[in-house]
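Try each task before you read its solution.

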Amino acid sequence: MKKNSEQSRRAFLGNISKAGLFSMVSLAPAIAKAAPQEPQEPSHKFLCKPYLQYPAPNTISVVWLTAKPCYSWVEYNQEGQPPQKAHTISHGLVAANNTLHKIPLTDLQPGKKYSYKVFSKEITDFQPYKLTYGETISSDTFTFTAPDPQVKEVSWLMINDIHDRPESIPHLMGLNGNNPYNFVFFNGDVFDYQADEKQIIDHMLTPCGDSFSTQTPFMYVRGNHETRGKYAREWHQYFENPGRDNFFSFTWGPVHAIVLDTGEDKEDTHPVYAGIVDFDHYREQQAAWLEKQLQSSACKKAKYKVVIMHIPHYHGGEWHGTVHCREQFGELFNKYKIDMLICGHTHVYGVHPPEQGKHNYPLIIGGGPKDGKRTLIQVKADQKQLQLTMLDDSGNKVGEYKI
């Protein structure tokens, strides 16, 4: 009797287990169906909108990044003209299997309007004798006006020392309203330091793309903070200034501009640099280059000579970088009679009129980075005058100088 009872109990428990298992199996599809599936983000995508750079007269470079290695190109055309295709070729090889894409559009007609669109075709496998492509993605269509260095007037906007505050870019750009401008210039310390590519995308390229850089080029000189961090030696890859260097010159309209890379503000031997910088020698090299630029026919013919650099050699304390800039550049600025020097670095905006024996020209310093201290500098030059206007981040005029 006990045996039969035990058998019955085991059978009953077994049936319960089977029933439970059956019900769980039956419910599984319903549970799976009920749980919402997160849409997967495509792995092959643009990491930023295309942005425009100005490496040479009659040339605009279109730059963008993708998440996957690609072969990329630009399709563009002047209004009313058939489309053209451009890709980058170096030593007979077309640029491919990369994620940073820089494609120059050359022989542009000055002052003419162009439309363009970028394409990136994923490379899924790259064998010596077999290349396998994946999906092709394309951008929206954007427009730009080709630079005309021979125009009678030029205007540009300047931003400096925003220090990893990406929201400052659209805010400051918005202060300009509908006033026309030919380009934007970043005068250093857009970042606190260089950490990685994502920082460059999130804190500069994305807010620039959302504000202006799909249709208007920008130029960019380092501040002392762009020399810091593990990614500082890769920073230059993402930008194409005139001459494709960190210090450069260009003529646009009546202005000949000379841009200097002032490097760090401390001694090269300071412990924070761990023995891996040499900015003194770098500034000495630039001083020799600077004198040749100031003696050039392009500089002599220009109505206005404007120098742009991050660290001011006066009105910026007595740090080593400031003093060394003064020693290397100051005498040359006075000797060749520059018309204006525009700087940043101090975070204290100001318009400093000429001081004989120091700087015989106005020295302008932009502000930043905190609310109430940030500035937008507007520069406009024609055959009659060069005018600089400085706005604070509330849109109030806090500085002005006319030549």
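**Exercise 1. Compare the length of helix α6 with the span expected at 1.5 Å a residue, then find its kink.**

Step 1: Helix α6 covers residues 320-335, which makes 16 residues. Helices here are DSSP runs of H or I with at least four residues, strands are runs of E with at least two, and both are numbered from the N terminus.

Step 2: From first C-alpha to last, α6 reaches 23 Å, close to the expected 22 Å. That expected span is 1.5 Å times one less than the number of residues.

Step 3: Now look at Phe329, where a kink of about 45° is centred. The bend is the angle between axes fitted to the seven residues ending at a residue and the seven starting there.

Step 4: Just a word on the source: this is a predicted model, where local features need pLDDT of at least 70 and side-chain atom pairs count only at pLDDT 80 or more, while totals for chains, interfaces and linings use all residues. Residues are numbered from 1 along each chain as its sequence is written, and side-chain values use heavy atoms, with hydrogens and water left out.

**Exercise 2. Work out which residues of α6 are buried and what covers them.**

Step 1: Buried means under 20% relative accessible area, exposed over 50%, and partly exposed in between, with a 1.4 Å probe and protein chains only. The buried set in α6 includes Gly321, His324, Gln328, Phe329 and Phe333.

Step 2: Their cover includes β14 (255-260), α4 (279-295), β15 (304-309) and β16 (340-343).

Step 3: Zoom in on Gln286, which sits in helix α4. Gln286 counts as buried because its relative accessibility is 0%. Beyond its neighbours within four places in sequence, Gln286 is in contact (heavy atoms within 4.5 Å) with Phe247, Leu260, Asp261 and Phe329.

Step 4: After α6 comes Lys337, with a positive phi near 55°.

**Exercise 3. Repeat the length and kink check on α3.**

Step 1: The 15 residues of α3 (residues 197-211) should span 21 Å, and the end C-alpha atoms are 20 Å apart, so the two agree.

Step 2: The kink in α3 is about 35° and lies at Leu205, shortly before the proline Pro207.

Step 3: Leu205 and Pro207 are both on the buried list of α3, along with Ile200, Ile201 and Met204, among others. The cover over the buried residues of α3 includes β1 (51-56), β2 (59-78), α2 (168-174), β11 (183-187) and β12 (218-221).
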